[in-house]
Amino acid sequence: FLRSDEQHRRPRLSLPEIEGDASRVLIVGAGPIGRDVAAYLETSGWRVGMMDLSPVNLHPFAQQGFDTTVGDARERSTLEQAGIASMRLAIVCLPNDDITTHVTAAIRAANAKCAVVARCRYVLNMAAAREAGAAEVVSEEAEAARAILDRVRRVVGGA
């Protein structure tokens with residue numbers, strides 16, 4: 001099910017050097033995954049921008065002082081409004097693989113230096129996200145398989 005090169009390869013993520021502003025990151029998708037990633041990066045010293053289609057999802061982030069942008073990340077004007085030109089990193093945390101691929105391509109078109117980490121649901125769609133420009137792709141399906149196998153090994157004594 002999981003290819004061994006997927007399990008053991010080193011990260012391909014390389015962050016560009018950008019003059020001036022502090023390390024900036026754009027997180028697309030303000031759901032549970034985006035929220036956890038934003039909290040980690042913010043406490044690690046990153047200036048975090050959040051983008052989502054829903055102002056309701058973004059409201060708690062705005063209240064906490066995060067830069068927020070309401071809109072569709074597939075649209076260049078929305079990405080520009082979020083300051084994509086000065087982002088070193090973008091993290092796409094959307095639950096739809098096709099939209100993730102389009103958002104990844106839009107980010108890379110707007111800022112070719114910005115490294116992208118993308119979430120996708122299915123292993124089958126990882127290649128499309130990479131082809132769109134994601135340096136790293138995390139598949140829910142692959143991560144769930146690893147987690148289940150880990151628990152099974154503990155139960156049956158193989159670990």
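Two strands count as paired here if DSSP finds at least two bridges between them, and strands themselves are DSSP runs of E, at least two residues long, while helices are H or I runs of at least four, numbered from the N terminus. This is a predicted model, so local features need pLDDT of at least 70 and side-chain atom pairs count only at pLDDT 80 or more, whereas totals for chains, interfaces and linings use all residues. Residues are numbered from 1 along each chain as its sequence is written, and side-chain values use heavy atoms, leaving out hydrogens and water.

Let's start with strand β5 (residues 115-120). It is largely enclosed by the rest of the structure, because 6 of its 6 residues are buried (under 20% relative accessible area, 1.4 Å probe, protein chains only; exposed means over 50%, partly exposed in between). A115, V117 and R119 point one way, and V116, A118 and C120 the other.

Here is how β5 pairs up:

| Partner strand | Bridges to β5 | Direction |
|---|---|---|
| β4 (residues 89-92) | 4 bridges | parallel |
| β6 (residues 136-139) | 4 bridges | parallel |

Now for T78, which sits in helix α4 (residues 76-81). T78 is buried, at 7% relative accessibility. Beyond its neighbours within four places in sequence, T78 is in contact (heavy atoms within 4.5 Å) with M51, T69, V70, G71 and D72. M51 is 27 residues from T78 in sequence, with 8.9 Å between their C-alpha atoms.

Over in helix α7 (residues 140-156) we find V156, which is exposed at 62% relative accessible area.
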